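Hello,

Here is the structure for your files. My notes follow below it.

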Amino acid sequence: MAITLSDQDQLTLRIGGWGAVWLMSAAGAAGSAHRAATGGSIALTSATGLAGHVLAKAPKGLTGKTTAALADRVLPALTASITLLKQQAPEEAGNFRRTVTVAVDAAVQSQKGEPSPTMTEMARKVTEALDAA
C-alpha cells in the first residue's frame, strides 16, 4: 500500500530531519560545522523508504536568527513527525527515527577527536524530541 503524505506532513518531516542536521552543524561550529552538515546531509539523502523519498530534498525557509530559534521549530517537528508517522504509516516511524539518528551520529563523527559537550547535548535534545512521541 502506497502512503501519501500531505504537503504539510512532508514539510513537517523535512523540518525535523534537515533541522536536526542544521542544529548539529550549529553545535559543531567549534570543530567543523561544514563537515557536520555534510555528514548529516549524506545520511538523510541516503535514506530509503518513505523517509528517504521525503527527506531527499531540504525544506525551504528553515532559518533562525539563533540556534534557539531554530530549535524552537525543529525539536517539535521531530516529535510531530514521529507522531504523524505512527498514525499514518507505523512501519515508517522507526525508519524515520533511525534515519535522523544516523544523520546525527554522522554529524558527530565528522568531527576530529571526541565530540564536544555542545554536540553531545544537541544530540541528546534531538533524541529526546524523537522519543517524546
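There is one aromatic pair in the structure. It joins tryptophan 18 and tryptophan 22, tilted, at 6.3 Å centre to centre and 45 degrees between the planes. (Rings of Phe, Tyr and Trp, the last by its six-membered ring, pair if their centres lie within 6.5 Å; planes under 30 degrees apart are stacked, over 60 edge-to-face, the rest tilted.)

This is a predicted model: local features need pLDDT of at least 70, side-chain atom pairs pLDDT 80 or more, while totals for chains, interfaces and linings use all residues. Numbering runs from 1 along each chain as its sequence is written, and side-chain values use heavy atoms, without hydrogens and water.

The two tryptophans sit four residues apart in helix 1 (residues 7–27), so about one helical turn separates them. Helices are DSSP runs of H or I, at least four residues, numbered from the N terminus. Tryptophan 18 is buried at 7% relative accessible area. Tryptophan 22 is partly exposed at 26%. (Buried is under 20%, exposed over 50%, partly exposed in between, with a 1.4 Å probe and protein chains only.)

The largest nonpolar core has 40 residues. (Such a core is a set of buried Ala, Val, Leu, Ile, Met, Phe, Trp, Tyr and Cys residues joined through side-chain atoms within 4.5 Å.) Met24, Leu78, Phe96, Val100 and Val126 touch the most other members. Helix 4 gives the largest share, nine residues.

Leucine 78 has contacts (heavy atoms within 4.5 Å) that include Gly16, Phe96 and Val126, leaving out residues up to four places away in sequence.

Best wishes
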